[in-house]
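Please walk me through this model in plain paragraphs.

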Amino acid sequence: MASWCVRAVRQSYSVAASPSLIRASQRLLCTAAHQKSGQGSEEDQKAEQSPTEKALAEEKGQLEEQLKEVTDKYTRSLADMENLRTRSQKMVEDAKKYGVQGFCKDLLEVADILEKATESVPKEEVTSQKNPHLKNLYDGLVMTETQIQKVFAKHGLFKLNPDGGQKFDPYEHEALFHAPVEGKEPGTVTIVTKVGYKLHGRTLRPALVGVAKAP
């Protein structure tokens, strides 16, 4: 029994002192040391790159803010340019429409005179054959008045002659007086003393009217 124990101890010493086992242990130790050193170098590299990455992140944020600001300014500039183009186009159109406004106002006086001239001629004088010269003159005035109204309509100028009973409109009428009139509602037009005119829907000259009021 004692001899068997001695042999077992010797065999264990021989196994422990085996060169192959020693080389394997050395390889394991080297591998572990290499892995440990590799992990350390990676951690050091990450620690070294963190300030750079932080600086790049800050620069990226600044660039994104600048891009957002420039995009916003560009969008606003486009909107301003579109508004300016629309206003300019409207001004040009208004200039074309209402550029003859002053000229039309002067012609209105001529139209008023022609209307008064035709209205002042008694109907019986032009229907009878007693005075053919007056009839010819009257017909010429009527034709001239009709032609001038056609020219007015061609350029967007229309007569504004409210009918009796129409509601008074301060944008189209100018009240010369207010008086109670039997059978007329208060606030309605009772008489037109001078016709008005509108140029392309805009009142060029309001009609001069009398307005009914409550008794």
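Two residues are in contact when heavy atoms lie within 4.5 Å of each other. This is a predicted model, in which local features need pLDDT of at least 70, side-chain atom pairs count only at pLDDT 80 or more, and totals for chains, interfaces and linings use all residues. Residues are numbered from 1 along each chain as its sequence is written, and side-chain values use heavy atoms, with hydrogens and water left out.

The protein chain has five helices and six strands; both are DSSP runs numbered from the N terminus, helices being H or I with at least four residues and strands E with at least two. Along the sequence the pattern is α-α-α-α-α-β-β-β-β-β-β. Of the 215 residues, 17% are buried, meaning under 20% relative accessible area with a 1.4 Å probe, protein chains only. Among contacts between residues at least 6 apart in sequence, 64% join residues at least 24 apart. The accessible surface, from the Shrake-Rupley method with a 1.4 Å probe, is about 16500 Å², and 59% of that surface belongs to carbon and sulfur atoms.

Now the sheet. Three strands form an open, antiparallel sheet in the order β1-β4-β5; two strands pair if DSSP finds at least two bridges between them. Each of β1 (157-160) and β5 (202-205) has a single partner strand and stands at an edge, so one side of each is left without a neighbour in the sheet. From one strand to the next the twist averages 35°. β1 pairs with β4 (residues 196-199) over four bridges in the antiparallel sense, and Lys 159 has Tyr 197 in β4 as its bridge partner.

Two helices meet this sheet. Helix α3 (residues 101-120) lies across β1, β4 and β5 and runs at about 55° to β5. Helix α5 (residues 132-154) packs on the sheet, touching β1 and β4, with its direction at about 120° to that of β1. Axes are lines fitted to C-alpha atoms, for helices over the stretch in contact, and angles run from 0 to 180 degrees between N-to-C directions.

How do the two helices pack on each other? α3 and α5 make an angle of about 145°, with their axes 10 Å apart. In this contact, residues of α3 including Leu 107, Leu 114 and Thr 118 meet residues of α5, among them Tyr 138, Ile 148 and Phe 152. By class, the contact has 11 nonpolar, three polar and two charged residues; Ala, Val, Leu, Ile, Met, Phe, Trp, Tyr, Cys and Pro count as nonpolar, Asp, Glu, Lys and Arg as charged, and the others, Gly among them, as polar.

Notes:
Buried means under 20% relative accessible area, exposed over 50%, partly exposed in between (1.4 Å probe, protein chains only).
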